[in-house]
Every structure is written in structure tokens, then in C-alpha cells.
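Colleague: I'm new to reading protein models. Could you walk me through this one, feature by feature?

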Amino acid sequence: MAEPAAAPSVSLKRTPLHALHVSLGGKMVPFAGYEMPVQYAPGVLKEHLHTRSAAGLFDVSHMGQVALVPKSGKVADAAAALERLVPQDIIGIPPGRQRYAQFTNPDGGILDDLMVANFGEHLVLVVNAACKDADIKLLQDALSDACEVQPLNDRALLALQGPKAAAVLAKFCAEAEGMRFMDAGPRTVDGLACYVSRSGYTGEDGFEISVPANQAEQLADALLSDDKDVLPIGLGARDSLRLEAGLCLYGHDIDTTTTPVEGALEWSVQKVRRNGGARAGGFPGADRILAQFDHGAARRRVGLRPEGRAPVREGATLFATADAAEPVGKVTSGGFGPTLNAPVAMGYVPMALAALDTKLFADVRGQRLPLRVAAMPFVPNTYKR
């Protein structure tokens with residue numbers, strides 16, 4: 001659930017927290033059409049480790065927030081409509097809960113990945129910034145018979161992540177400590193009307209907080225007032241944290257050329273939508289995706305652990321042997337894992353080479369560096385279930 005950088009020549013948008021980032025010394029860079037902080041004074045390494053040991057506050061206001069309001073007044077009708085576009089069980093999401101999903105295309109490729117929450121009377125979606133305009137058009141074109149598609153452009157989105165996130169948020173929201181992983185819905189935070197989910201994209205326990213845009217800085221200031229436990233965190237550490245957690249970056253690890261099965265996201269497709277289920281199929285690309293569930297896919301996204309200290313970056317080609325002429329796959333994300341104090345990566349390989357501990361070689365500046373297929377997440381998650 002994240003996005004590729006925008007070209008620098010594009011006129012960049014700003015989030016409601018832009019002035020705060022600048023005042024905090026954030027180094028601003030183009031990202032998904034926005035000017036966003038890549039890091040602050042402590043730097044990516046310290047920001048990453050602080051999130052793993054205490055709590056980090058992330059601005060994710062560039063992402064799209066959308067309400068799907070059923071015209072019938074029945075949230076099940078909005079859920080049934082959305083199932084036309086995703087392979088997940090949306091009808092089965094209980095009120096006050098959310099679920100990870102993907103929009104798929106007729107070839108079974110992934111148009112975007114998203115979160116879907118059931119707020120009781122309507123659904124709330126969070127989509128990636130680089131895809132949000134296309135996603136909203138997709139929703140309007142496909143679902144306007146059943147739903148009012150309402151972009152929530154007047155809201156910001158903050159993520160508070162880390163082992164101390166619950167204790168910090170509990171000072172401002174009494175209900176925070178009692179929430180479970182993937183609980184979601186309206187909550188009052190520091191007197192503000194927010195939407196809160198116990199979720200995030202770091203592998204740590206944490207929360208995502210949607211707040212009216214004109215109150216975003218007030219909320220951020222409140223959460224940052226505990227300057228011992230809470231630090232502002234930039235996109236650099238957000239990327240290294242999600243990589244250690246084995247989570248996909250849209251546009252890199254998953255895209256329109258990868259299916260949910262190839263992307264190792266089978267866990268996200270509930271049995272009711274698979275062959276033999278009560279609502280099997282009925283989503284774009286169902287024939288290909290369900291065939292891969294039944295018969296397997298030709299390739300798979302896997303974790304990779306380089307054997308040396310040198311990071312293996314996105315785009316590196318993978319080979320079965322040190323002297324093979326033809327590549328067998330490529331790295332889609334890679335870098336240094338600060339928690340592990342070692343490089344980590346993920347990429348696509350043929351199923352025959354996807355078994356754990358399979359030795360491969362990555363081409364890095366003309367050298368073949370050894371690595372092994374490894375289990376993900378690289379760092380165990382700490383979600384509060």
C-alpha cells in the first residue's frame with residue numbers, strides 16, 4: 001500500500017501537514033504527486049529503529065480516502081457492489097472492522113491495493129495516492145448504480161506506529177487500548193471527530209487516524225508532544241520498515257502485470273470467493289486468478305536475503321547460478337534492514353526456484369552476488385490480535 005515517486009517536473013501537491021514538516025526540518029521530496037518528507041534530522045536509520053522501539057508518526061495524507069454510501073441504505077448492498085471489483089469477501093466484513101483488498105483488471109493484474117472498512121452504514125476505502133484518481137473513476141463507473149462514491153478530500157491521514165503507539169494514543173482516545181488489529185471506525189481523539197483503525201504498514205502495532213484536514217496539525221502536535229516516545233518519521237524509514245515486514249509497495253512489488261497469487265497474496269482472498277465458495281468469481285480476472293489458485297502460478301514473489309553486506313536494489317536481475325546466461329527473475333524491492341543489520345529484498349522467481357533457502361545470484365554492477373530465498377516477514381510482526 002504505497003506508491004512510486006512522481007516525476008520532479010510535475011506540479012506537486014501538499015498535504016495539510018506540509019508547514020509542520022518544514023518547521024520540523026523535514027527534507028521534502030516528490031512522491032506520488034506530492035511534496036513529502038523523506039526524512040528528518042535524525043535520519044532514516046534512527047527513525048526506523050525508533051519506530052521499532054517506541055513510536056513514530058507518519059503523514060500519509062497523500063493517500064485517497066473514499067466513502068461508499070449505499071443508495072438502498074443497506075451497507076451489505078455497498079459491499080456486494082464492491083465485490084464486483086475485488087476478489088475479497090467484502091460482505092463478510094463485520095461493522096467496525098476492515099480488510100485488505102485489491103482492485104483487479106480483466107487479466108487478473110492488480111490495479112491497486114487498498115483497505116476496506118465497514119463503518120456500519122457505509123464503507124470507507126483507503127487507496128494509494130498515485131492510483132487514487134483512477135480508483136475513484138473506476139468506482140464511479142462501476143458502482144454508481146448502487147453507491148454514492150464520495151471522495152473524502154477534506155480529511156488528512158496520520159499513522160502512529162510502534163510498540164508504544166497504543167499507550168501514546170490512549171492519552172487522547174480512551175478506546176485505543178481496547179481495539180484489536182484491523183478494528184476500524186469513528187473515534188474521538190483529543191476532542192476531534194476522527195476515524196481510527198488499529199493497522200499500519202510497518203509490521204508494528206499501531207493506528208491510522210483520519211482527521212479533518214483543518215485539524216490535522218492540532219492532532220499531530222498533540223501526538224508529537226511526547227517527544228521522548230514519538231518522533232516524526234519520513235518516507236525513507238516507512239519504506240525500510242515495510243520491506244522488513246514483507247509488505248508490498250504498489251507499482252514495484254505488485255502492479256497490473258502481477259496477480260494476487262503470483263504476489264503471494266492468496267491469504268487475502270477468502271474461500272467464499274474462490275472456486276467452490278458461495279460467491280466464487282464475479283470479479284475482473286477471476287478466470288485467471290482462480291485457475292492459479294487451483295493449478296498454481298508460474299512465478300512467485302519471495303523474500304531474499306543477500307549473503308554479504310551489500311544491499312541488492314530494485315531492478316537487479318536474478319540468476320540460477322553464478323555463470324548462467326539467462327536471468328530467471330528480478331528484484332522488486334531491496335535495501336538495508338536496520339532492525340536486522342543486514343540487507344533484505346524481495347522479487348519474483350519461477351516456482352521451481354521459490355522454495356526456502358534456494359540459492360540464487362543477483363547482478364549488482366556486473367558482479368554476481370549470492371542470496372537465498374527467505375521467509376517473510378523478515379522481522380516478526382507485533383499486531384495486537
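Modeller: Let's start with cavities. On a 1 Å grid over the protein atoms alone, a cavity is a set of points where a 1.4 Å probe fits but cannot get out, and lining residues have an atom within 4 Å of a point. Grid points are joined across faces, edges and corners, and a volume is the space filled by probe spheres set on the points. Before we go on: this is a predicted model, so local features need pLDDT of at least 70, side-chain atom pairs count only at pLDDT 80 or more, and totals for chains, interfaces and linings use all residues. Residues are numbered from 1 along each chain as its sequence is written, and side-chain values use heavy atoms, with hydrogens and water left out.

Colleague: Okay, what volume does the largest cavity have?

Modeller: About 160 Å³. Its lining has 16 residues, and those closest to the centre are Q98, V124, V126, L157 and S197. A search of the whole structure turns up 4 cavities of 30 Å³ or more.

Colleague: And how do I read a nonpolar core?

Modeller: Think of a set of buried Ala, Val, Leu, Ile, Met, Phe, Trp, Tyr and Cys residues joined through side-chain atoms within 4.5 Å. Buried means under 20% relative accessible area, exposed means over 50%, and partly exposed is in between (1.4 Å probe, protein chains only). Here the largest core has 29 residues, and L160, L169, V189, F207, I209, L219 and L223 touch the most other members.

Colleague: Which element gives the largest share of this core?

Modeller: That's α6, with 6 residues. Helices (H or I, at least four residues) and strands (E, at least two) are DSSP runs, numbered from the N terminus. Now take L160: leaving out residues up to four places away in sequence, its contacts (heavy atoms within 4.5 Å) include L57, V168, L169, F207, L223 and V230.

Colleague: What about salt bridges?

Modeller: Side chains of opposite charge can pair when their charged atoms come close. The rule asks for a side-chain nitrogen of Lys or Arg within 4 Å of a carboxyl oxygen of Asp or Glu. By that rule, the count is 24. Take R97 and D183, whose closest N and O atoms are 2.8 Å apart. They sit 86 residues apart, R97 in the loop between α3 and β5, D183 in the loop between α5 and β10.

Colleague: Is R97 buried, partly exposed or exposed, and which of these is D183?

Modeller: R97 is partly exposed because its relative accessibility is 21%, while D183 is buried because its value is 11%. Another pair is K171 with D226, at 2.9 Å between the closest N and O atoms. K171 is in the loop between α5 and β10, and D226 is in the loop between α6 and β13, 55 residues apart. K171 counts as exposed at 55%, and D226 as buried at 17%.

Colleague: Which polar contacts does the side chain of N118 make?

Modeller: A polar contact is a pair of N or O atoms within 3.5 Å; within protein, one must be able to donate a hydrogen and the other to accept it, and residues adjacent in sequence count only if both atoms are side-chain atoms. N118 sits in strand β6 and is buried, at 5% relative accessible area. A polar atom of its side chain lies 2.9 Å from the backbone oxygen of I93. The side chain of N118 also reaches the backbone nitrogen of G120 at 2.7 Å.

Notes
1 Å grid on protein atoms, 1.4 Å probe; cavity = no way out; pocket = protein on both sides within 12 Å on 5 of 7 lines; lining within 4 Å.
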